[in-house]
Structures are given as C-alpha cells and as structure tokens.
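Have a look at the model first, then work through the notes below.

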Amino acid sequence: MLLTLTTTHRPATDLGHLLVKHPDRVQSFDLPAGTAHVLYPEADEARCTAALLVEVDPLKLGGGRGRRQATTPDSFTLGQYVNDRAYAASSLLSSALAKVFRSALRGESRDRPELAAAAIPLEVRVPVLRCRGGAELAVRVFAPLGWTVTATPIPLDEAYPEWGDSRYVDLTLTGTLRVADALNHLYVLLPVLDDAKHYWVAPDEVDKLLRAGAGWLADHPERGLVTRRYLAHRRALAGEALARLAELRLTDEPSADDSVETEQPAEAPRASLAVRRREAVLAALRDSGASRVLDLGCGGGALLTALVADRRFTEVVGTDVSSQVLALAARRLRLDRLPERQRDRIRLWQSALTYRDDRLRGYGAAVLMEVVEHLDPPRLPALEDAVFGHARPGTVVVTTPNVEYNVRYEGLGPGRFRHADHRFEWTRPEFAAWVERVAATHGYTSTIGGIGDEDPELGAPTQMAVLTCTDQTTRKEETTR
C-alpha cells in the first residue's frame with residue numbers, strides 16, 4: 001500500500017525536516033503486520049514528495065499468539081491470509097503513519113519549528129484506498145477540513161467496464177494546511193473509510209481519536225459517522241467519545257449523529273450563541289472586579305482559554321469531575337507549551353461540585369456555565385451547599401438554557417432537551433425562583449438576564465444570573481490571598 005505527500009513550498013526539501021526523514025535516504029521500520037519504508041521519489045527546491053510504502057506480511061497479519069483480531073468481512077477460512085491488505089490502503093496504513101511520523105503528527109520539528117506551525121501547500125495521494133461508502137463519502141469526510149478532494153472510483157476490471165466499480169478509490173487531496181493537520185486527518189479518516197479495523201479496538205482508542213481529532217473533529221459535520229467507524233462500531237466507546245467531543249464544541253448545533261445542545265434556530269445565520277455566552281460571562285466577571293476566578297465544570301476548556309487570555313485574571317482554576325476532560329482542557333490550553341510565568345496562572349483540579357472542596361474557598365468569582373442542568377434535581381442542594389455555602393466566592397455567574405425557547409429550534413419536540421445529558425431545563429420563572437432561593441439562603445443578592453436574540457414571548461435562549469455575596473469579609477478575602 002502506498003501514500004505520497006507532496007509540497008511545492010520553497011525550499012520544498014524542508015518537508016524532510018517536518019517529517020524528520022532525510023530525503024537522501026530510504027528508511028525502513030518494523031510494524032506488527034509487516035514493514036514500512038519512507039523514500040523520496042523527487043526532492044528539489046521546487047517540489048518534494050515523500051512516499052510511505054507499507055509491505056504487509058500475511059503471516060504476521062494473520063498470526064501472532066494471543067492476538068485478538070477485530071471482526072472483518074474476510075471471514076472465510078483463509079481470509080486472514082488471502083485479502084487486499086497488502087495492496088489497498090486501510091487501517092494498516094494509519095498504524096504505519098502513527099509509528100513512522102510520530103513527531104510530525106505532534107507538530108514537532110526541532111530544525112523548522114516555525115514551518116511546522118505554518119500552513120503550506122500540500123498534495124496527498126492514495127492511489128488505491130479501500131472506501132466503504134464510495135467516492136462520495138471520501139468527499140464528505142475530507143472536504144470540511146479544507147481539502148479539495150478528487151476521489152475516482154476504480155473499476156473492477158478495466159477490460160470489462162460493464163462490471164462496474166470496485167470498492168476502491170484513487171484519492172487525491174490538495175490544500176494549504178499544516179503537515180501535522182494533514183497527517184492527523186489521514187490517521188483518523190483512513191480507518192473510517194476502510195471501516196474494517198485489523199486490530200482489537202481497546203478503550204484507549206478513544207483517547208487516540210480525540211488526540212488526533214483535536215481542533216477539527218468536534219465540529220466536523222460527520223463526527224458521528226467518523227467516531228463510530230473509527231471505534232469499530234463499539235457503541236459504548238463511541239458514546240463516550242461523542243460525549244467528550246460535545247464538551248469541546250465551540251458552537252452547538254443539532255445533529256442526527258450525536259446528541260449535542262442546539263444553539264441556533266435552523267433558519268438563523270450561523271452565529272455562535274456559545275461565543276456570545278462566553279462574552280457575557282467574561283463581562284460579568286470583569287464587572288465583579290475579581291482577579292482569581294473558578295470555572296466550575298470547565299469541560300474541555302473553552303471558557304478557560306478566554307480567561308487565560310485576559311491578564312486581569314491573575315489566577316484561573318478549572319475544575320471537572322472527569323480527569324479525561326481535564327486532560328483535553330490542558331491540551332486545548334497548550335499547557336506544555338506556555339511560558340512558565342503564564343502556566344503558573346492556571347490550575348486544573350479534579351473536583352465534584354456536589355462535595356465540599358477546601359481548595360475552592362477564597363476566590364473572587366466562580367462560573368457555573370451550562371452546568372447545573374447536568375445534575376439530577378435531588379443533587380442540586382449538594383451543589384448549592386458546596387459552592388454557595390462552603391466555597392463562597394464573592395461573585396457567582398450561572399448560565400443555563402431557557403426551555404421555553406426550545407420551540408424555536410427545529411427538531412426539538414415537546415419533552416426534548418438541548419443535550420442528551422441534561423437532566424432538566426428550567427423555564428424563566430423556575431430559574432428565577434431557584435436563584436432567589438439560593439441567594440436568600442446563602443446571603444447573596446442577584447440579577448437575572450438573558451443571552452442571545454430575545455424573543456418577545458419566549459425570552460432569550462440562554463438565561464444568566466449574577467449572584468453577589470453580601471458578606472464583605474468573604475469579598476475581601478480574595479484580595480488578600
């Protein structure tokens with residue numbers, strides 16, 4: 001099986017620095033199912049092509065003591081030895097990419113770090129790609145990522161065109177992208193188009209998918225299909241991956257493939273209510289005068305990124321009950337790449353909002369952005385005690401959906417919430433009653449408003465409350481720490 005990657009960036013031979021493979025050498029790598037070779041059919045200043053050639057050993061592919069094989073269509077007796085794996089690009093090529101171009105997949109280049117971070121003209125060709133779904137599916141998965149896609153079906157036999165097309169395509173991708181992005185797209189989407197993984201899919205494949213899909217998979221229109229196929233249709237793993245992707249989405253939209261909160265009516269322009277929500281929360285935090293801020297239930301870190309970008313916030317803490325989600329937030333914040341002084345402003349803590357946590361005491365402000373509706377109603381008193389009673393920040397900003405507005409969203413029928421994990425969604429009177437009770441119980445004053453386009457009858461799509469502690473001792477504590 002063969003894959004070529006070409007650039008016309010000048011000098012084009014810089015591609016060798018990005019792939020960490022010298023153009024003047026042929027390099028070989030042992031794989032569990034064979035051998036991979038990297039070579040350069042052409043390499044000059046104007047044009048450089050790197051080729052990845054994978055030779056599959058049928059004995060290695062079919063053998064291996066104790067190896068657990070994923071189910072494939074090749075179910076006859078000799079299917080594990082007599083198949084197309086040696087000739088057509090498949091999930092085996094994705095595995096080879098991961099081993100051979102490990103540094104390039106991470107976007108690392110010791111010799112050309114600036115170029116590794118830059119988009120350059122690229123052409124990818126996979127002359128024989130197993131594609132379950134045909135050429136049209138190849139376009140659907142690659143085109144949203146900025147590629148111009150040419151997928152030509154390969155006939156079963158050129159001598160007998162009446163036999164029709166095979167299940168293989170000749171794929172060419174052209175575009176201006178980072179090399180790391182191109183390789184990660186291929187790493188994820190080659191197994192998706194193949195749809196017959198050759199190895200056992202373990203739970204850690206979810207982390208691999210989210211790591212390779214960082215920055216693009218969460219908003220991909222075919223993310224449901226991509227996730228299910230990449231994880232070999234294992235329902236539990238796909239459900240976990242889609243839930244974690246939902247946390248990362250900067251914009252929310254209805255989807256037939258996964259359950260994600262709907263943020264804009266179908267007939268409205270593609271404006272992001274999520275961005276407007278974050279801007280409203282940031283404005284409330286700035287008005288509070290707080291410099292040390294908690295993002296409670298921070299998810300994948302969308303708000304944390306905005307908080308860190310504002311220097312008035314000298315300490316930013318994100319908490320979540322999921323350690324995996326916190327790891328995603330760390331990657332989104334690029335903690336491993338930040339200067340030490342900026343990194344020291346950020347804390348990521350695993351913490352459950354229904355339990356008291358002494359680490360959360362003494363902060364100037366806290367945010368519960370689209371969090372409360374994910375709790376079962378009987379657990380709300382525990383959250384109220386832990387946040388307003390024990391942690392007791394000077395200001396608490398709460399946002400939550402306005403269920404009355406849901407009728408404006410296409411596909412949200414009666415009784416349906418904006419997200420599959422929502423345990424409830426409040427009307428405006430219900431939210432106001434909850435805010436008033438919490439404020440009175442714990443010594444806060446409150447104001448309530450809306451975020452998003454206001455409907456004269458139904459209000460805004462998102463509700464927001466700002467609760468301010470009346471205890472001056474608590475409010476001053478933040479400034480003395």
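E13 and strand E14 (residues 462-469) run antiparallel and pair over eight bridges; strands here are DSSP runs of E with at least two residues, helices are runs of H or I with at least four, and both are numbered from the N terminus. Two strands count as paired if DSSP finds at least two bridges between them. This is a predicted model, so to speak: local features need pLDDT of at least 70, side-chain atom pairs count only at pLDDT 80 or more, and totals for chains, interfaces and linings use all residues. Residues are numbered from 1 along each chain as its sequence is written, and side-chain values use heavy atoms, with hydrogens and water left out.

**The antiparallel sheet**
- Another open sheet of seven strands goes E2-E3-E4-E1-E5-E7-E6, and its pairing is antiparallel.
- E2 (27-31) and E6 are at the edges with a single partner strand each, so one side of each has no neighbour in the sheet.
- Strand E5 (residues 120-130) and E7 run antiparallel, joined by nine bridges.
- Look for Arg125, whose bridge partner in E7 is Thr172.

**Around His422**
- His422 is in the loop between strand E12 (395-401) and helix H16 (428-442).
- His422 counts as buried because its relative accessibility is 6% (buried is under 20% relative accessible area, exposed over 50%, partly exposed in between, with a 1.4 Å probe and protein chains only).
- The His422 side chain makes a polar contact of 3.5 Å with that of His374, and another of 2.6 Å with that of Glu425.
- A polar contact is a pair of N or O atoms within 3.5 Å; within protein, one must be able to donate a hydrogen and the other to accept it, and residues adjacent in sequence count only if both atoms are side-chain atoms.

**Tyr160 and helix H9**
- Tyr160 lies in the loop between strand E6 (148-155) and strand E7 (165-177).
- With 39% relative accessibility, Tyr160 counts as partly exposed.
- Helix H9 (residues 223-230) is mostly covered, with seven of its eight residues buried.
- Among those buried residues are Arg223, Leu225 and Tyr230.
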